[in-house]
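This report describes a few local features of one protein model. Please look over the sequence and the model before reading on.

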Amino acid sequence: TGERPLINPNVSVKGAADFPFPIKRYGNIEQADTNSFSNQKCLILFHENGTKEEQEQTKQIAMKIDVEDIHIYWSFQKDGTIGTKVQSILNLSNASTSMILLDLPERGGYYCSKCDDETNNNVITVNSIMNFLRAPGKHYQLG
């Protein structure tokens, strides 16, 4: 009949009001499903040398970007992380690249940017991200 006894009447489910849960297209790269890198475009924002406040601001900016079919990740840790491994595989210096667009489904393609915004050089902003996504520049190929 589908009826079940109530085991604990005091239990509440955090976030249950938001069900069904929307797909989040952003997150910390260290918590990402790395299989997603080969299945979809991924934008990775690097800010390892920033202060905690700057990194939190970058995270908030990333959560504002909603571009279909692109997942956005941030990388704030310096050594031995997925972010540093990605930089190493692509032969990138963490000082010279602020974000990359991985397009691995397109035969291992990727694009690099320094987040040059007219008013904020080397600062990740909504404008710098959207400009990069509209015109990512030179196409690089893995391998």
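The model is predicted, so local features need pLDDT of at least 70 and side-chain atom pairs count only at pLDDT 80 or more, while totals for chains, interfaces and linings use all residues. Residues are numbered from 1 along each chain as its sequence is written, and side-chain values use heavy atoms, with hydrogens and water left out.

**Helix α2**

Helices (H or I, at least four residues) and strands (E, at least two) are DSSP runs, numbered from the N terminus. Helix α2 covers residues 52-64, and its end C-alpha atoms lie 19 Å apart, which agrees with the 18 Å that its 13 residues should span at 1.5 Å a residue. That expected span is 1.5 Å times one less than the number of residues.

Gln-55, Thr-58, Ile-61 and Ala-62 are the buried residues of α2. Here buried means under 20% relative accessible area, exposed over 50%, and partly exposed in between (1.4 Å probe, protein chains only). Down the axis of α2, the buried residues fall within an arc of 120°, so they line one face of the helix; the arc is taken from the directions from the helix axis to the C-beta atoms. Lys-52, Glu-53 and Lys-64 are exposed on the other side of α2. The cover over the buried residues of α2 includes β1 (26-28), β2, β3 (70-75) and α4 (126-134).

**Gln-40**

Gln-40 sits in the loop between α1 (35-39) and β2 (41-46). Its side chain makes a polar contact (N or O atoms within 3.5 Å, one able to donate a hydrogen and the other to accept it) with the side chain of His-71, at 3.3 Å. Beyond neighbours within four places in sequence, Gln-40 is in contact (heavy atoms within 4.5 Å) with residues including Asp-69, Tyr-73 and Leu-102.

**Aromatic rings**

Rings of Phe, Tyr and Trp (its six-membered ring) pair if their centres lie within 6.5 Å, and planes under 30 degrees apart count as stacked, over 60 as edge-to-face and the rest as tilted.

Ring pairs link Tyr-26, Trp-74 and Phe-76 into a cluster.

**Cysteines**

Cys-42 is buried at 0% relative accessibility, and Cys-112 is partly exposed at 22%. The structure holds zero disulfides, a disulfide being a pair of cysteine sulfur atoms within 2.5 Å.
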